[in-house]
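Open the model in a viewer and keep the selection panel at hand. The stops below go from the ligand to a helix, then to a cavity and some backbone angles.

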Amino acid sequence: MCVNPDMPADSRAAAQNLRGELRFDEPMAKYTSWRVGGSADQLYKPADSQDMATYLRSLPADMPVICVGLGSNLLVRDGGVRGAIILLHGALRELRIQELRDDYGLLYAEAGVALPRLARYAAQHNLVGGEFMAGIPGTVGGGLAMNAGCYGGETWQLAVRALTINRQGQLRNREREDYELDYRHVELKARGEEWFVGAWFVLSVGEGEVSRSAIKELLQRRIASQPLNQPSAGSVFRNPPGDYAARLIEACGLKGRRIGGAQVSTKHANFIVNIAGASAADIEDLIDLVVETVARQTGVVLHCEVRIIGERSGRSA
Ligand SMILES: Cc1cc2nc3c(=O)[nH]c(=O)nc-3n(C[C@H](O)[C@H](O)[C@H](O)COP(=O)(O)OP(=O)(O)OC[C@H]3O[C@@H](n4cnc5c(N)ncnc54)[C@H](O)[C@@H]3O)c2cc1C
């Protein structure tokens, strides 16, 4: 265990009991699909949920905490993150069938499980309805936080209950009704800061083979329409009601528009790709340019789906 000698004595004592990996001044570009981002003050990859609880309790009460899964919907600014990042992908990875009935099955997946793994695991066990997750390169935790979805499916259509953890390291069950859920929007109705540790998903019993071929077909559609060979964060903007952000961006002549190493994808206009060592500032400036241009030309204000965190560097925040 790597423990910072500058830590307060009580935090240092708690940190000595940790079983995961603690790193200081850790570059976030390693953990985001855009491959950009400055360093986090500290990054912790817990050994399990109990270890995550110990870590949370070891932190000073005023230290900001952010959970990260696969960083596939995250722009970390170049100035990095003040506070603690808890990295869950590869950490909380339990996946099991909790209950199997004649017509449905209940799966439990920890927050760090990749959504495509969940989709394939369900199909292997003849549980259907989770195929849409196969093309979303995030984790269960990120999927729950974003209500990630595509092709008519959404994470919270299948999730019935979540296991969460709070700042004091207390675990609790949350029902679907405890959240306000909408298109790419999830908000805990109660006050307080909590993170997802895992969730239970209900899927119908069906033909695994049919599910596997649906997954294959869905992945082919993605390969044909999305720039999957370039670093991106998927769709940058939410679709406005009754329209598509990609259609509006293309109609404004922005396909291929570039700032520094960031470019509006020539394949899918709602993607911004890192084509040549982009900085987070390049990407954010391009996001702002798209919003301004689309608003000016069409009157529609696009809203960013990607979460932006951290501090700007070399510019005023
Ligand atoms: C090529 C590509 C295609 C994509 N296609 C889709 C798509 O079809 N549909 C779609 O919805 N999204 C899509 N995305 C975006 C992204 O994959 C999803 O939003 C995904 O759910 C993010 O998961 P993550 O683990 O990467 O989350 P991260 O990017 O790590 O985090 C995203 C947000 O969730 C929070 N978060 C993460 N884990 C937790 C946790 N355990 N508890 C609480 N909060 C947490 C983070 O703090 C952050 O605010 C795509 C991205 C890429 C790169």
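Predicted model: local features only at pLDDT ≥ 70, side-chain atom pairs only at ≥ 80, totals over all residues.

Select the ligand and the residues around it: 33 residues form this shell, and the closest are Cys 67, Ser 72, Thr 139, Gly 149 and Arg 222. Residues are numbered from 1 along each chain as its sequence is written, and side-chain values use heavy atoms, with hydrogens and water left out.

At Cys 67, a polar backbone atom is 2.7 Å from a ligand oxygen. Leu 70 also places a polar backbone atom 3.0 Å from an oxygen of the ligand. Of the 970 Å² of accessible area that the ligand has on its own, the protein covers 92% (Shrake-Rupley method, 1.4 Å probe).

Now colour the shell by element, where helices (H or I, at least four residues) and strands (E, at least two) are DSSP runs numbered from the N terminus. Two or more residues each come from β3, α4 (140–146), β9 (149–150) and β15. The largest share belongs to α4, with five residues. Colouring by class gives 17 nonpolar, 13 polar and three charged residues. Here Ala, Val, Leu, Ile, Met, Phe, Trp, Tyr, Cys and Pro count as nonpolar, Asp, Glu, Lys and Arg as charged, and the others, Gly among them, as polar.

Move to α2 (49–58). Seven of its 10 residues are buried, so α2 is largely enclosed by the rest of the structure; buried means under 20% relative accessible area, exposed over 50%, and partly exposed in between (1.4 Å probe, protein chains only). The buried set is Ser 49, Asp 51, Met 52, Ala 53, Tyr 55, Leu 56 and Ser 58. What caps the N-terminal end of α2? Select Asp 48: one of its side-chain oxygens lies 3.2 Å from the backbone nitrogen of Gln 50.

Follow the chain into the loop between α2 and β3 (65–68), where Pro 60 is found. Pro 60 counts as partly exposed because its relative accessibility is 29%.

For the largest cavity, select Leu 118, Ala 119, Ala 122, Gly 130, Met 133, Leu 158, Phe 201 and Leu 203, which line it. The elements that give two or more residues to this lining are α3 (115–124) and β15 (194–205), and α3 gives the most, with three. The lining has seven nonpolar residues, one polar and no charged.

Last, look at two backbone angles. Most residues other than glycine have a negative phi. Asp 25, in strand β1 (residues 21–27), has a positive phi near 55 degrees, and counts as exposed because its relative accessibility is 55%. Arg 184 lies in the loop between β13 (179–182) and β14 (185–188). Its phi is also positive, about 50 degrees. Is Arg 184 buried or exposed? Arg 184 is buried, with a relative accessible area of 14%.

Technical notes:
1 Å grid on protein atoms, 1.4 Å probe; cavity = no way out; pocket = protein on both sides within 12 Å on 5 of 7 lines; lining within 4 Å. Polar contact = N/O pair within 3.5 Å; in protein donor to acceptor, adjacent residues only side chain to side chain. Near = heavy atom within 4 Å.
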